[in-house]
Amino acid sequence: MSDKKIHEDQKYIDGLLKNNSFIIQAIYDKFVPKVINYIKQNSGNSDQAQDVIQDTLVTIYNQASEKGLQLTCPFDAYFFLLCKRKWLNVLKKTSNKEVTINEEVLSKGDEALELAFETSVFGEKQALFAEMFEKMGDACKDLLKATFKMKSMEDVAKSLNITYAYARKKKSLCIGKLTELVRESPKFNQLKN
Amino acid sequence: MEEKDYIQFEDYLFGTLSKTETEVFENKLKTNNAFAEAFQTYKNLSNYLSDKYGNETESAAFRANLSDISNKYFKEKLAISEEKSSKKPFEFYKYVIAACVVVMLGVFTFNQFSSPSYSDFNNFDPVSLTVRGENDALLKIAEKAFNSRDFAAAEKAFAQLIETDQNNEAWNLYNAISKIELNHYDEADDILTEIANGNSAYKNKAIWYLALSKLKQEDTLTCIDILKTIPEDADDYERAQKLLDQLD
């Protein structure tokens, strides 16, 4: 990944990460109409297109923020493939019909396909992590939220009225619990393959 | 995995294992698949939580902004498509009449309303910046220079003022306007973009002047893109709409 050339369209990723309104507006003006057309031509409506597009941009933002996403292909192809994938997944969930994701037809090169796949797996993993996090007990949830919000374990221990050593031990056990929940879920094994 | 494994994962990530313990740990990662897999998931979850809760404010601001832009975009799009679909098809001669009217109007208005230029918009209201304070003298110089359109002197004075308070958005805004006048576009655009992305009272003004900067640079497409982002409650909204009409 790191030795691949960054595409000039990285400006869209950086703009999203900086919450730059001009860039977000430009993405809507330049790349969104094609997605709306696609969704409308494939059993969807304008509201559904709006949701899919917004979700996709949030996933891109999250991947850029957490993993430093680097774009090695045109944004247009990457974004379209991602939205398309997301829409086909929506259709899969809402209808009993078999929906095949035939990406070769509309892809503009392997690089975009590969990157879009990576981002959509990232998005699905994030959704799974969030779902499993909600399954944990309140004590663990509160401790982990405080830990990652405050960053300093000393402050966390103080705010929860526990010792520093106990706070650190609890943190590792709570993430450990979460690790188990994630690894045991059937969805996780599907995402791995 | 056992409790001690998770405690060790955390210690490794936190950098609190000794050199020998680290070597043993890394060796285990290479040789024990289940251990390595559990560690990878633990690490991914730590990164996920760190990003989710560590950047909660930034992420919420992004979602809110995205939602605004998206709602506005789809509202306009829907309005346009409804307008289109409600129009009944009409005969060709009507197009001919319409075209004639447009041509006549075009000829009539050409002299008065030829393409808009930056100079149509750079009649700034006099600024009044002086307040009782430390920089009174320098503020007066900046104000006087700006109001008398001596932008080189204004730029110099604002630069000195900003050195004393980099976060003063008013000074930054007038500094950027002076730079547009002096054709120092890159610097002006950088300052304006920063103000526009912030949340100060000068946010919308900065967007408007950024659009004017692009107009002066004859970058019409970017100018149009920027004008479209000026919200309805902005002071310059009407002027922006007029300019958009002229540019479209």
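Helices here are DSSP runs of H or I at least four residues long, numbered from the N terminus. With that in hand, Ser43(A) sits in the loop between α2 and α3 of chain A. Keep in mind that this is a predicted model.

Over in chain B, a positive phi turns up at a glycine: Gly15(B), near 80°, follows α1(B). That helix covers residues 3-14, and at 1.5 Å a residue its 12 residues should span 16 Å; the end C-alpha atoms are 17 Å apart, so the two agree.

Which residues of α1(B) are buried? They are Tyr6(B), Gln8(B), Phe9(B) and Glu10(B). Their packing partners come from both chains: α9 (164-184) of chain A, plus α2 (19-31) and α3 (33-54) of chain B.

Now for the contact between the chains. It involves 38 residues of chain A and 36 residues of chain B. On the chain A side, α2 (21-41), α3 (46-67), α6 (110-135), α7 (138-150) and α9 each supply at least two residues. The largest share, 11 residues, comes from α9(A). Sorted by class, that side of chain A has 16 nonpolar, 12 polar and 10 charged residues.

Definitions and conventions. Residues numbered from 1 in each chain as written. Chains lettered and ligands numbered in written order. Predicted model: local features only at pLDDT ≥ 70, side-chain atom pairs only at ≥ 80, totals over all residues. Expected span 1.5 Å × (residues − 1). Buried ≥ 20, exposed ≤ 12 C-beta atoms within 10 Å, placed from the backbone. Contact = placed C-beta atoms within 7 Å. Nonpolar A, V, L, I, M, F, W, Y, C, P; charged D, E, K, R; others polar.
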